[in-house]
Amino acid sequence: MLQADPVDVLTSVARLVAEAPSLRDVVAGLAGTLRAPIPFERLHVLRLDRADSFVLYTAREAGNAEVTKHLVGDPATQMDAVDETARSRIVCTIRQGARVHGALWLTSAKEGAFCSAHQKLMDSVVDLLGLAFEHDAIVERDKLRRERIDSLRGLLRTMAGALDIRHVFDKVSEVVRGGLPHDMLVITSWGEDGTSFRIYAMAGATADADFFEPQQLFGDDLAQLQRDAYVIHDAEAEVPPSSVRGKIFRRFGVRSALRVPMPLGTKIFGSLFFLSRQTDRFSEEDVDFANRVADHLALALSHEQLAEAARSQAESRETAARLEAQVATLTRELESRS
């Protein structure tokens, strides 16, 4: 039976969710609040982070919560491995509508420690805990937004003094990683014929000179020269190993990718790839930031082309001046001889 009024318990939980500054504080406070009505020893909260990972909060005593990150499928993260002494459990799914955010469960070393009244109270608690998850997600999104703004500012400073983006591309990758973590950053340029491409710049890996030579595309590979952004969650499952992308991904151990086009004026210069050696590292929510990075890099490429055009014009003027001087010299020689 419950050892406290459920209404009072839920009121305390609601106040905790509204006032606690972080999800970790919510979990720690929740353990202290629920110990009075429910005789448990450990409280666990699992928050789904991505498709392949999650965060586990474990409260062993009031005011203390441990936080660990795990990969889905890791044997060490199974319930029995997390709490080997547990003989009784109450498990509740934390969801909002059809979307599952995680789970909450209580454990005890005693058999039959929990009853239906305990389960009913926990079902009400997880409804409030879902609000804490949503609040935590809003805080993290705001934090990520600030990090990405700072990352774009750093990107502008990095490119400000560079006439060739390839000379600072490692630094570009390092700066951008603060807004969108990745293992490799790659720029490709499309050929004028519309059927070929080459690696223009690459950070996070090295390759011999032949790797940067133009590559002709056919069939399905040729269809990849398009303007739409896309996300590859699992390269081994989604990209044929015999394709050009498949060969490159397997060469560098790439498991997931985010690709956005790099517009240059009214044309497309090529593509910007964010690559990771983890599956499902990127999502559609990352596309907007990737497009902003591509726009910044395209601006730098535009400056490169303008600088190259200015150098070519200067060289042409110097060549014309030399030819003009040579013609004048020959004319004088001819006149003196005649």
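User: Which residue takes a positive phi just after α8?
Analyst: G253, with a phi of about 70°. Helices here are DSSP runs of H or I with at least four residues, strands are runs of E with at least two, and both are numbered from the N terminus.

User: What should I know about the model before reading on?
Analyst: It's a predicted model, so local features need pLDDT of at least 70 and side-chain atom pairs count only at pLDDT 80 or more, while totals for chains, interfaces and linings use all residues. Residues are numbered from 1 along each chain as its sequence is written, and side-chain values use heavy atoms, with hydrogens and water left out.

User: Back to α8. Which of its residues are buried?
Analyst: The helix spans residues 244-252, and V244, R245, G246, I248, F249 and F252 are buried. Buried means under 20% relative accessible area, exposed means over 50%, and partly exposed is in between, with a 1.4 Å probe and protein chains only.

User: How are cavities, pockets and volumes defined?
Analyst: On a 1 Å grid over the protein atoms alone, a cavity is a set of points where a 1.4 Å probe fits but cannot get out. A pocket is an open set with protein on both sides within 12 Å along at least five of seven lines, and lining residues have an atom within 4 Å of a point. Grid points are joined across faces, edges and corners, and a volume is the space filled by probe spheres set on the points.

User: Which element gives the largest share of the lining of the largest cavity?
Analyst: α8, with 5 residues. At least two residues each come from β6 (184-190), β7 (196-203), α8 and β11 (267-276).

User: And how do those lining residues divide by class?
Analyst: The lining of the largest cavity has 16 nonpolar, 3 polar and 3 charged residues. Nonpolar covers Ala, Val, Leu, Ile, Met, Phe, Trp, Tyr, Cys and Pro, charged covers Asp, Glu, Lys and Arg, and the others, Gly among them, are polar.

User: What about the second largest cavity: how much space lies in it?
Analyst: About 30 Å³. V17, A20, P21, S22, L23, V26, A132, H135 and D136 line it. α4 (116-160) gives the most to that lining, 3 residues, and α2 (23-34) also supplies at least two. By class, the lining has 6 nonpolar, 2 polar and 1 charged residues.

User: Switching to pockets, what volume does the second largest pocket have?
Analyst: About 280 Å³. It has 14 lining residues, and W190, G191, E192, I268 and F269 are the closest to its centre. β6, β7 and β11 each supply at least two lining residues, and the lining splits into 6 nonpolar, 5 polar and 3 charged.

User: Those strands keep coming up. In what order do the strands sit in the sheet?
Analyst: It's an open sheet of 6 strands, β8-β7-β6-β11-β10-β9, with antiparallel pairing. The edge strands, β8 and β9 (230-232), each pair on one side only. Two strands pair if DSSP finds at least two bridges between them.

User: How many bridges join β6 to β11?
Analyst: 6, and the two strands run antiparallel. T188 stands opposite S271 in β11.

User: Aromatics next. How many aromatic pairs does a whole-structure search find?
Analyst: It finds 3. One is Y200 with F269: centres 5.2 Å apart and planes at 85°, so edge-to-face. That pair links β7 to β11, 69 residues apart, and Y200 and F269 are both buried. Another is F211 with F252, also edge-to-face because the planes are at 75°, with centres 5.5 Å apart. F211 lies in the loop between β7 and β8 (215-216), F252 in α8, 41 residues apart.

User: What are the cut-offs for a ring pair?
Analyst: Rings of Phe, Tyr and Trp (its six-membered ring) pair if their centres lie within 6.5 Å; planes under 30 degrees apart count as stacked, over 60 as edge-to-face and the rest as tilted.

User: Which residues do ring pairs link into a cluster?
Analyst: F211, F212 and F252.
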